[in-house]
Amino acid sequence: MEFMHDKIASRLGGLEFGEKTEIYKFEKIKRLKTAARASHPGLPLIDLGVGEPDRPADRRIVDVLSEEAGKPENRFYSDNGIDEFKEAACGYLERVFGVTGLVPGIHCIHGIGSKPILAMLPLCIVDPGDVTITTVPGYPVLATYTRYLGGEVYTLPLLEKNDWYPDLDSIPHHICRRAKVLVINYPNNPTGQVATTDFYRRVVAFARRYGIVVVADAAYAALTFGDTEPLSFLSVEGAMEVGLEIHSLSKAFNMTGWRLAFVAGNPRLVSAYGTVKDNTDSGQFRAIQKAGIYALGHPELIAENRERYSRRFDLLVRVLNEAGFTARKPKASFYCYVKAPAGTASGKRFSNAEEASAFMLRNALVSCVPWDDAGAYLRMSVTFEAEGHEEEKRVMESLGKRLSGLNLVFDDRY
C-alpha cells in the first residue's frame with residue numbers, strides 16, 4: 001500500500017481522496033470551451049462567463065505599487081495590516097456607505113482577498129455540530145470550511161418569487177436554534193439583486209432573535225447603477241452588534257489578482273479573525289496595501305466601471321429579450337441572471353441549465369455559467385472582452401445573431 005494512502009484527512013475524503021470522477025463546474029466549462037473552439041475555427045468566443053473585471057487597475061493605482069515596491073521599508077511582514085490601510089478602509093466605508101464610528105484595528109482588519117477571510121471566519125465561530133445557513137446559489141467557501149470543521153450547512157434558496165431574497169421565516173425552528181452563522185451576499189452573485197435597508201433590518205432582527213452571527217459578503221457593494229446608491233449592512237442599526245461585512249478591492253477597483261480586502265464590524269469578531277489570521281498568514285505585501293490606500297481614497301475611480309457595465313447591460317438585456325429570454329437590468333454587480341431555455345424549436349429538450357449552457361457553447365460559441373441550485377438559470381456577465389462602445393455593440397450584435405440561430409424555446413418547466 002502506498003504510504004500516503006491512509007493519511008489524508010476525512011474532511012477531504014480520507015481513503016477516497018482523489019478517487020472521485022466528478023468534474024468541478026468551471027473545469028467542465030473550460031474543457032467545453034476548448035472543444036468548441038476546435039469545432040468552430042475562426043469564430044471568436046463570446047465569453048459571458050467571466051467573473052472578474054475585463055480591465056486592469058487604474059494606472060494611478062499601478063504607479064503607486066511601482067513606486068512603493070522597491071522601498072526598503074515595505075519589505076517587512078505586515079501581519080494584520082498596516083495602520084494606514086485600516087484607516088483608509090474605515091474612511092472608505094464612511095465616505096461611500098455612511099458608516100461612522102469605526103476605529104481602525106478594532107473594527108477593521110485587512111485580508112489577502114475576501115476568499116481567505118471567508119475561509120478563516122468559520123475557524124473563529126464554528127464548532128462541531130454548529131449550523132451555517134447560507135444562500136444558494138452563492139459563493140461556497142464559508143460553507144465548505146464549516147463542513148471541514150465538523151459543522152453542518154443549511155442551504156436557503158434564492159427564488160425569483162421572493163425577488164432573490166432569502167425567506168428567513170421558512171427556516172425550521174430547530175435549525176435556527178442550532179445555527180451559528182448566516183451568510184448573505186448583496187449585491188448578489190449571481191442574481192444581481194441589491195439589498196434594501198428594510199431587508200438588512202430583518203436580518204439584524206433574525207440574528208438577534210436566535211443569537212446568530214451575520215457574515216455579509218459585500219464584494220460588489222460599490223458597483224451600483226442609476227439611482228441605486230451603495231448600501232452597507234453595517235449602516236443599519238444593530239448590524240455592528242451581530243455581524244461583519246467583507247469588502248474586496250477586486251471588483252470595484254479591478255484589482256482581482258492583487259488579493260486585497262478587509263473585514264469590518266463587531267470588534268470581538270474582528271479580534272477573533274485577527275487571531276486566526278495572525279496564525280495563518282503574515283499579511284499582504286505592504287506596497288500592495290499602499291496601492292490599495294490610494295484606491296480606497298479615490299472611490300471616484302469606480303465610476304468608469306459603473307458606466308461601462310451599465311451601458312453593456314442595456315445592450316445585453318435587449319439582445320437576450322429579443323432571443324426569447326426574460327431579462328432585466330440589475331441594479332448592481334456585473335451579472336445578469338436569466339431562466340435557462342427549456343430546449344429548441346426542433347424538439348431538443350434540456351433537463352437543466354448545465355445542458356442548456358453546454359448546448360449554447362458547443363453550437364454558438366457562447367459561454368455562460370449554469371446554476372441549478374434553485375431552479376435552472378444562467379449567469380451572464382458584462383465583463384466580456386471589448387474595447388470601446390462600438391466594439392461592445394458589435395459583440396452584442398454577434399451574440400444576438402448566434403442566439404437567434406439556436407431557435408431556443410422557453411417554458412415554465414423549471
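**Exercise 1.** How far is the sulfur of Cys-336 from the closest cysteine sulfur, and in which residue does that sulfur lie?

*Solution.* The structure is a predicted model. First, the closest cysteine sulfur to that of Cys-336 is found in Cys-368, at 11 Å. Next, a disulfide requires two cysteine sulfur atoms within 2.5 Å, so the sulfur in Cys-368 is too far for a bond. Finally, a search of the whole structure gives zero disulfides.

**Exercise 2.** Determine whether Cys-176 and Cys-336 are buried or exposed.

*Solution.* The cut-off for a buried residue is under 20% relative accessible area. Cys-176 has a value of 1% and is therefore buried. Cys-336 has 0% relative accessibility, so this residue also counts as buried.

**Exercise 3.** Describe the open sheet and identify the strands at its edges.

*Solution.* Begin with the order: seven strands are arranged as E2-E8-E7-E6-E5-E3-E4, with mixed pairing. Strands E2 (108-111) and E4 (152-157) each have a single partner strand, which means that one side of each lacks a neighbour in the sheet. From one strand to the next, the twist averages 20 degrees. Within the sheet, E3 (residues 131-136) and E5 (residues 179-185) run parallel and are joined by four bridges. Thr-134 has Val-183 in E5 as its bridge partner.

**Exercise 4.** Characterise the second largest pocket and its lining.

*Solution.* The volume of this pocket is about 510 Å³. Its lining comprises 25 residues, and those closest to the centre are Glu-160, Trp-164, Ala-327, Arg-328 and Tyr-337. By class, the lining has eleven nonpolar, six polar and eight charged residues. Strand E9 (residues 335-339) contributes the most, with four residues.

Key
Residues numbered from 1 in each chain as written. Predicted model: local features only at pLDDT ≥ 70, side-chain atom pairs only at ≥ 80, totals over all residues. Heavy atoms only, no water. 1 Å grid on protein atoms, 1.4 Å probe; cavity = no way out; pocket = protein on both sides within 12 Å on 5 of 7 lines; lining within 4 Å. Points joined across faces, edges and corners; volume = space filled by probe spheres on them. Helix = DSSP H or I, 4+ residues; strand = E, 2+ residues; numbered from the N terminus. Nonpolar A, V, L, I, M, F, W, Y, C, P; charged D, E, K, R; others polar. Buried < 20%, exposed > 50% of the residue type's maximum accessible area, 1.4 Å probe, protein only. Pairing = 2+ DSSP bridges. Axes fitted to C-alpha atoms, helices over the stretch in contact; angles between N-to-C directions.
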